[in-house]
Amino acid sequence: MKPFGRLAYTTARRIGTCKRNVTTSRHFSVESNVQTNIESGTLYEMDLTVAKQLNMKTHLPSQLAKQMDTLGEIVTLVREPTAEVASCMRVVDKHLPNLRLVLWGAFGTGKTVTLNQAVHHAYKNNWAIVNLRSAMELTRRVKEIEMSSFVAGRINDPSNAVAILQNFKQQNQHVWKTLTDLLTEKDYEWSKSERTLKEKPITEIVEMGISAPFLASDCVGAIFRELRRHAKNDKLKVLVAIDDANSLWGKTLVKRADRTYAPPSDLTLVVHFRRMIANDWTNGCVLMVADKKEVADARDELEVSRHTPLELFGEEGFEFIEPFVPIETSNYTESEADTIYNYYVSKNWLASKSGKHSFLPQYILNLPIFLARSEEGRKQLMYLSAFNPYYYERLCAFN
Amino acid sequence: MTTKLARIAQKRWISSTTSTSNMYDPRVFREPITDVQELRKPLDVDDERNFLFVKAMKSDATPVFYRDHVIDKLIRVCTKDGEKETSRRNVHSALEIIKRRQYKAWVKASDEEKKNIELDPFVVAKKGIKNCHPLMKLQGVTRGGTTYQVPFPIEEPEAEFRAMKMMRDICRVRSKHGVTHFKDILATELLAASQNEGSTISAKQELHKTCEANRAYAHYRA
């Protein structure tokens, strides 16, 4: 584990993108935050009630959400990327511009899982959480659009905006009281009849947006603005966690009136999230995932796109998110695979016996040599999955 | 349309054996060793395989720890349009679904009930297929212009195939309109069949009833 301290962060700001092997002598510990110890190589359990509150079922990859259902618990492995994210979050301070982290890596190496572990970590340390399940939902899964009355040419997305506000409300129940104590800066005139006055709790904006879908996109912008303002004034720390963040600079499927596809900068929600990513506010951490989903075409068998941040964010996106700390996710090491294997065995999840010996009596079948839990099975699971976490889990699922 | 003369000229006869054509020249190629323990043993010095080529290993003969004859055959039977990968994904997903359902039941069960719940999806699937094995088959025999459905005895491999085919056809019909996927229906069928319930078991029992009803025609067996 290579701790990132204030030195690494400021160096990153000056140089541009910072390489992973820049180390510091020791990291600063900011007093009021991050008490829990995150050690890589250990299993990390998330309490089920907390997971429900954080809406983990929709945010985690579907296989892990099913594990939540079947095994009755969410246990994930803490790996180096999570430890790095946790130590980066320790550095967040009201004097420093927001710390931008980009999780990148090959398919199935744990980007989304690390993001959700960080969200849980933020919950435990009483941060405010702005979590977007996938930026592709804003650009590609837009059911209905409305032209914005606030800025000409911008396109509102009522259903996604309401979903974002509901998710925000659900995930921030642990700091809802703190948020209610924070007051709005100015009068918000949503429309001719609806308005939120000055010096009112900012949670009213959230309620307003949920109750009126046609105002929701503007409410999202307002709540984000208030969060940034109050973070600057050191009232709370904010974690902005966006999965598939490179989609904010990618392709859209939203058609304008003249039947051309709108660029993402024309969508209000995309603009609001980009403002959250911009480093003009302090006391926050922005965790983004660069995912190949945006760029890769499943039907194109000739081209293989790269999974590096520059390739996925594009020139424009990359310039916007610079300077950031890139955190690479990788395949399992043997010890990590062993940890997961032992966990599955302890939960009785690995059940298979070698089929061709089924004519043998049960007491022989229970001998280690015939089980997926045997030494042979343990090794083969690692090699067949090529140490890729996703394929490892898939192999363990049906065995 | 070739005439009889032309056919003789081309030296093609209607063969009575199952399959004689082979892409591999039998003088030059030998079967691969699929068992890892066997593979580790050194070959005899005068073994002919030292001097011959080896056929390519089939994709369902690889020495993985979850290699199972019944499941592999089920994958082959459910393959459509040569898309074995899709079929493999479906069958393995069905096994996963079986495992999840059994696991949930196992977690809730009391200690005595726990012993009766089988968590291994391979064992459940094999038991399900075994329970669906028909004991006889009906074959059409034409006598004097009428085709009679005559009950015939059946070998184990064919019984296994027929069981899988019945199950596959039922699952395909049910998943046709896309609301439920093939893997979910296959999982339900296998789980039910292992308890001697479900549509495939009923289909097998219908077959047995028809065989019993047509037992008079057994005299037509050649």
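The legends below describe views of chain B in a predicted model.

This model is predicted, and local features need pLDDT of at least 70, side-chain atom pairs count only at pLDDT 80 or more, and totals for chains, interfaces and linings use all residues. Residues are numbered from 1 along each chain as its sequence is written, chains are lettered from A and ligands numbered from 1 in the order in which they are written, and side-chain values use heavy atoms, with hydrogens and water left out.

**View 1. Secondary structure of chain B.** Chain B holds 9 helices and 4 strands, where helices (H or I, at least four residues) and strands (E, at least two) are DSSP runs numbered from the N terminus. Along the sequence, the pattern of chain B is α-β-α-β-α-α-α-α-β-β-α-α-α.

**View 2. Overall dimensions of chain B.** The radius of gyration of chain B is 23 Å, whereas a compact globule of 222 residues would have one near 17 Å. This radius is taken over C-alpha atoms, and the globule rule is 2.2 Å times the number of residues to the power 0.38. Along the principal axes, the C-alpha atoms of chain B fill a box of roughly 70 × 60 × 35 Å.

**View 3. Burial in chain B.** Of the 222 residues in chain B, 35% are buried (under 20% relative accessible area, 1.4 Å probe, protein chains only).

**View 4. The annotated span of chain B.** An unreviewed UniProt entry lists residues 63–215 of chain B as "domain: Small ribosomal subunit protein uS7"; such annotations may be inferred rather than shown by experiment. Residues 63–215 of chain B are 65% helix and 10% strand, and the end C-alpha atoms of this span lie 45 Å apart.

Notes. Buried means under 20% relative accessible area, exposed over 50%, partly exposed in between (1.4 Å probe, protein chains only).
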